[in-house]
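Here are a few exercises to work through with the structure in view. Try each task before reading its solution.

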Amino acid sequence: MGVQDKQEENNKLNVTKLRSFTASRWQAGRAHGVEHWDRVARFGYLLWEEGADLDVIMAFAYLHDAERDGDGDDYLHGPKASKLVDAIRDTLLKALTDEQIGKLKQACEQHTIAHRTGDITIDTCFDADRMDLPRVGIMPLPDKMATKKGAQLVGIPDYADFYAKFKKGEV
């Protein structure tokens, strides 16, 4: 049973449909595409702890970069992702409450500009994305993580090895 299957078993959001939707529209590059989103979802599940909203975290994984113009600089991709949330609010995201939508939009809008918010759900979204920075040659630093669990994971002496195994699906 994969992360998506287990998540859908326990929550309302249909991650498989959301992933299919964003993947079918994606043409902007590899570094911020479907493979990255899948890892962000897996990292989100790994970082999840009591009080964090897994539906929001999984939706973030597949939406936060979905409106990028490419793999280069696109400083408005977070706000554009937030507008996409509005556009699919009544279809693919209809299971989410207004509060969940608010958190999802905030996480998308701020994932490249905010360090932490103090909200465990949004901060978990931020860290799930940051933990995949090695894909672009950046090693995440513990003091740049938003959650204690994220800081602990990237702070292990062999995070590069852990990441390589995680990327291959061995962890």
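**Exercise 1: around T124**

Task: find what T124 is in contact with, leaving aside its neighbours within four places in sequence.

Solution: T124 is in contact with G44, L47, W48, A52, I57 and T147, where contact means heavy atoms within 4.5 Å. Last, T124 counts as buried because its relative accessibility is 1%; buried means under 20% relative accessible area, with a 1.4 Å probe and protein chains only.

A word on the source: this is a predicted model, where local features need pLDDT of at least 70 and side-chain atom pairs count only at pLDDT 80 or more, while totals for chains, interfaces and linings use all residues. Residues are numbered from 1 along each chain as its sequence is written, and side-chain values use heavy atoms, with hydrogens and water left out.

**Exercise 2: α3 and α4**

Task: work out how helix α3 and helix α4 pack.

Solution: start with the axes, which are lines fitted to C-alpha atoms over the stretch in contact, with angles from 0 to 180 degrees between N-to-C directions. Helix α3 (residues 34–47) and helix α4 (residues 54–63) pack at an angle of about 160°, their axes 8 Å apart. So α3 is roughly antiparallel to α4, a label for angles over 145 degrees. Now the residues: W37, D38, V40, A41, G44 and Y45 in α3 meet L54, I57, M58, F60, A61 and Y62 in α4.

Definitions and conventions: Buried means under 20% relative accessible area, exposed over 50%, partly exposed in between (1.4 Å probe, protein chains only). Helices (H or I, at least four residues) and strands (E, at least two) are DSSP runs, numbered from the N terminus. Angles under 35 degrees count as roughly parallel, over 145 as roughly antiparallel, 65 to 115 as roughly perpendicular and the rest as oblique.
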